[in-house]
Amino acid sequence: MLKASTPSDEAERLESLRNLSILDTPPEERFDRITRLLAHFFQMPIAAVSLIDSDRVWLKSRVGTHFVNIPRENSFCGHVIASGEMIVVSDVLEDERFADNPYVRNAPHIRSYFGVTLMGPGGHPVGALCMVDQKPRHLSSADAKALISLAAIAGNELAAVDLNRAVAEQSRREKWVRMLLNHLPSGVILLDECRVVESYNPAAEQLFGASLSGLVGADAGTLTTDDLSRFSSMGIGDDGSYTQEATGRRTDGSLFPMEVSVTPTHLGGKKKYAVMVRDMTAKKAEEARRQVGEERRQKYYSSAAHELRSPLGSLSGFANMLAKRQLPEETVREIAGIMSTETGRLVKLINEMLDFARLENGGTDDFDIRLQALAPVIETTLQSLGGIEGITRVVCTIAPEMPDVAIDARKMQQALTNILGNAIKYSPDGGKIDLIVQTAMAGNTRVAQIVVRDRGIGMTPAQKERIFEPFYRARQLASAEGNGLGMAITQDLVKLQRGSISVESALGEGTEITICLPLQ
């Protein structure tokens, strides 16, 4: 027995075979149909579709034999792929390659063999279509052509296996890409060479307020107010991609800021544009907020320098006076009293400036926010107002069964002290001030409401607009002291406890300040 030689492309051949993913798979009718036809047409007892692995021959389809795996070194089909031609052996006993083959001397007692190469992907031989008889047989030229034709059909089925695998892989990739596109937060739109929308993902649908197919067929020019002339000059395959900010137009006509990245490409031999769209509304709002914050800080620093200059100048002047002049003891005591007052004012101003700066930067490190009742906070605040007059002027009403609120008691007391202090300061002597604690609805949110209402001098609309500006003072009362930071600090204290503060006022009628705190 002569062992078949190894094909020169063995490595590529095995790779081609294994890429089919067909070895050791269940029987398939499309191959069984061929072996049945082969056995019937040629009146052969044994027919098979064999696939030749590295060390074995595996029968994908077989008729007339129980063998499934055959050692490659003993196989007839190994000679078929080695020669690359059809092998016709009318009598194996007369062929030195097979005369003493184990399958000749033993079952199935092969006496004649006919095999044709089966080609796999890439043109590499992966197996053979073969038929066997236990007696000598001759094959006419017509029969040989018929066998070759059946082998071609079997080869087509193998090609279909590869094609189906490739289609399945492509489908899997497309499904993965579609899933990725469907979950991208940015909008993705595919345009044809005429800038007409062909497809888009759900993010783009939501971004432009379109229905499932509402953008398909739309000109890209309807989705923006910007000029799209740059599209036509973009090349394919070079650095034609670009990103720019633009103004988007939704299907309802509303506008929004967006960032657009356009990449030209070829799909199916045609020019396309892949467009990624990102909504810039939040970013622009954040930039505007930072700009406002920066402007507010600049104004704050300018005002702070002005506010510090006055008491420091006063202290410096009195200190020079004491150093350079001999003054009566009574005058010295008077100056010392003024300097003490100015120093106290300066210390208070600096402390408030530090508080405000910390709060403006979102500093909540020293906040102790916990769920607690408002009544004890209100009581402590009233006791800190400075004497019986302050306490008796405030008429406090707390709704029964008020729920607990998540606050920092000390910070909330500071905020309420600022508000009540202003109410007392700007109200006529003996004027009553209402302090009401109740629950209310703010939109869809249930809140605890703290209302402070006075009947004092009130404010003009212009003054009300500026009440929370740092260092702003209405200066309607010459006797009213303060540095204008109290309400700015109060607003930040409330906001950092997830609350809101609002003001209503009318000149000559009084002011009402309301704090709303969300309930759990």
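This is a predicted model: local features need pLDDT of at least 70, side-chain atom pairs count only at pLDDT 80 or more; totals for chains, interfaces and linings use all residues.
Residues are numbered from 1 along each chain as its sequence is written, and side-chain values use heavy atoms, with hydrogens and water left out.

Rings of Phe, Tyr and Trp (its six-membered ring) were paired if their centres lie within 6.5 Å, with planes under 30 degrees apart counted as stacked, over 60 as edge-to-face and the rest as tilted; by this rule there are 5 aromatic pairs. The ring centres of F67 and Y103 lie 5.4 Å apart with their planes at 80°, so this pair is edge-to-face. Y103 is buried, with a relative accessible area of 13% (buried means under 20%, exposed over 50%, partly exposed in between, with a 1.4 Å probe and protein chains only). The rings of F76 and F98 have centres 4.3 Å apart and planes at 10°, so they are stacked; both residues are buried, and together with Y113 they form one aromatic cluster.

A nonpolar core is a set of buried Ala, Val, Leu, Ile, Met, Phe, Trp, Tyr and Cys residues joined through side-chain atoms within 4.5 Å. The largest such core has 38 residues, and those with the most contacts inside it are L374, L420, L435, I501 and I515. Beyond its neighbours within four places in sequence, I515 is in contact (heavy atoms within 4.5 Å) with residues including M412, L416, V494 and I501. A second, separate core of 28 residues includes W58, F114, V126 and A151.
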